[in-house]
Amino acid sequence: MFGKPRLIFYIFLGLTVILGMAVAFLAPQWLWLWCVLPVLAAVGAWDLNSTSNVLRNYPIIGHLRYLFEFIRPEMRQYFFESDVSGRPFNRSQRDIVNSRARGQGSTSPFGTRRDMEDTGFHFVQHSMAPRTVHIRHARLTIGNAQCSQPYDSSRLNISAMSFGALSGNAVAAMNKGAKLGGFAQDTGEGAISPYHEAHGGDLIWEIASAYFGCRNDDGSFNAERFEHKARRDQVKMIELKLSQGAKPGHGGLLPGTKVNREIASTREIPIGKDCASPGTHPEFDSPAGMLRFLQRLRDLSGGKPVGFKLCVGRRHEFMAVCKAMLDTGIVPDFITVDGAEGGTGAAPTEFSDFIGTYINEALPFVHNCLRGIGKRDDITVIASGKVAMGFDMVEKIALGADMCNAARPFMFSVGCIQALRCHTNTCPTGVATQDPARSRSLDVDTKADRVHNYHKATIASFMDIVGTLGLESPDALGPQHIFRRSQKGPSRPCTFLHPQVDSGAFLRDDVPVEYADAWQLAHADHF
């Protein structure tokens with residue numbers, strides 16, 4: 001009988017009344033302690049009428065369940081996860097980023113903590129004749145013959161993060177760090193904010209389906225507004241976002257409660273009104289139409305590099321874009337490949353978990369398709385997906401990229417602690433919030449130095465590893481340099497995972513069997 005929590009509560013309530021009367025009569029100086037008991041009694045009475053099954057069955061003590069659930073992420077991160085088991089980024093990765101951001105290097109004692117026999121483990125094999133890679137190979141030129149203002153780019157830039165998803169101080173710190181280090185910051189789809197412009201760092205202007213910053217009142221594209229901003233010296237490239245790794249094929253809704261005066265002014269939308277980003281672009285509905293729109297952006301920008309960003313989904317649709325390049329003669333200057341493991345401030349969980357192609361599978365596919373149509377040398381491929389260390393850059397470039405973008409590691413460099421509250425506006429470090437009281441804690445000048453330090457150290461690590469492989473340039477990297485541990489037997493180079501395609505092979509009807517069906521389905525006039 002006394003094992004029933006509800007009955008225990010009623011007994012507790014009765015004893016509280018009796019005890020209160022006794023204290024008031026025998027020891028009134030201790031009556032203030034008794035005040036705690038009525039508070040608990042009131043909480044229990046409220047719990048009995050709650051809609052929560054737990055609280056109705058276990059008044060008062062049931063709150064312990066919700067308390068432990070609330071602190072569970074912090075308990076796991078600080079006490080129970082190993083250095084290499086955490087997600088999305090483990091403790092080891094975060095420590096390396098923070099150490100490099102502080103300018104302290106990233107050495108570790110007593111050997112690796114990774115399981116080198118684990119299935120899927122990736123590594124490279126060093127050369128007995130290592131080289132010193134010249135610093136000029138830390139940069140490359142983006143822009144083909146159709147571009148009149150090519151961009152001299154770092155091999156590592158800040159990936160797309162909008163003002164709105166990040167606080168103004170976080171955006172400004174990254175931009176100042178980019179200025180100090182001579183690399184670029186992608187604006188994200190939220191348009192060019194005053195914080196992006198504050199310190200003069202190079203910008204990649206990302207434009208998505210809502211055309212923030214260059215839109216008419218009905219959400220359509222406004223060419224005049226685009227041209228005025230795209231021709232600014234600070235804007236170096238234009239990126240058309242088709243899809244995003246964390247939520248491919250999904251639009252978005254910016255609730256009116258989050259559309260304050262600053263965001264409304266930046267995105268050119270009404271204050272306090274809901275603003276929807278459609279899943280597709282209203283300006284085109286075919287691969288050929290997309291390329292013609294890209295050419296329009298190139299012309300309006302004065303000939304700056306233009307490209308598109310996507311998370312690879314159905315293979316024949318990307319191949320349709322390749323066929324459209326052949327049909328229209330329009331060749332983008334770059335393609336940003338976003339991996340399905342990419343991050344975002346908020347996304348439907350199932351989209352993040354189950355939709356899209358992993359970056360290490362997407363890169364070889366995109367590389368092979370561009371080689372197949374003979375356009376690989378004209379297009380810079382940018383990898384965007386969990387790039388945190390120099391080895392990540394080596395891996396992505398070996399699998400088909402030319403350079404990399406990183407987002408969350410740069411967030412770590414300005415103070416992010418992976419609290420996983422990006423979608424709640426309660427970020428404890430002021431990085432991913434629009435709460436002025438929280439974002440004030442982020443000192444722009446200090447964090448800009450950390451951004452610069454992290455970038456510089458990561459590039460140095462990348463170049464060091466390339467030289468350790470005996471190569472004179474990152475351009476010599478290929479899948480043969482990355483070894484993967486199979487489930488059974490010894491490790492093998494990644495060449496066995498994907499077909500090898502000769503330049504122009506698709507034009508000679510020499511299409512690998514793995515791609516043949518998708519190539520037949522692809523058509524330049526429809527996705």
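Helices (H or I, at least four residues) and strands (E, at least two) are taken as DSSP runs and numbered from the N terminus. The model is predicted, with local features requiring pLDDT of at least 70 and side-chain atom pairs counted only at pLDDT 80 or more, while totals for chains, interfaces and linings use all residues. Residue numbers start from 1 along each chain as its sequence is written, and side-chain values use heavy atoms, with hydrogens and water left out.

Two non-glycine residues with positive phi are described here. I60, in the loop between α4 (53–57) and α5 (63–80), has a positive phi of about 70 degrees. Because its relative accessibility is 23%, I60 counts as partly exposed (buried means under 20% relative accessible area, exposed over 50%, partly exposed in between; 1.4 Å probe, protein chains only). D509 has a positive phi of about 60 degrees and lies in the loop between β15 (492–493) and α19 (513–521). With a relative accessible area of 69%, D509 is exposed.

A pocket is an open set of points, on a 1 Å grid over the protein atoms alone, where a 1.4 Å probe fits, with protein on both sides within 12 Å along at least five of seven lines; lining residues have an atom within 4 Å of a point. The second largest pocket has a volume of about 620 Å³, a volume being the space filled by probe spheres set on the points, which are joined across faces, edges and corners. Of its 34 lining residues, H367, R376, G400, A401 and D402 are the closest to the centre. Two or more lining residues come from each of β2 (139–142), α14 (359–372) and α15 (390–398), and α14 gives the largest share, 4 residues.
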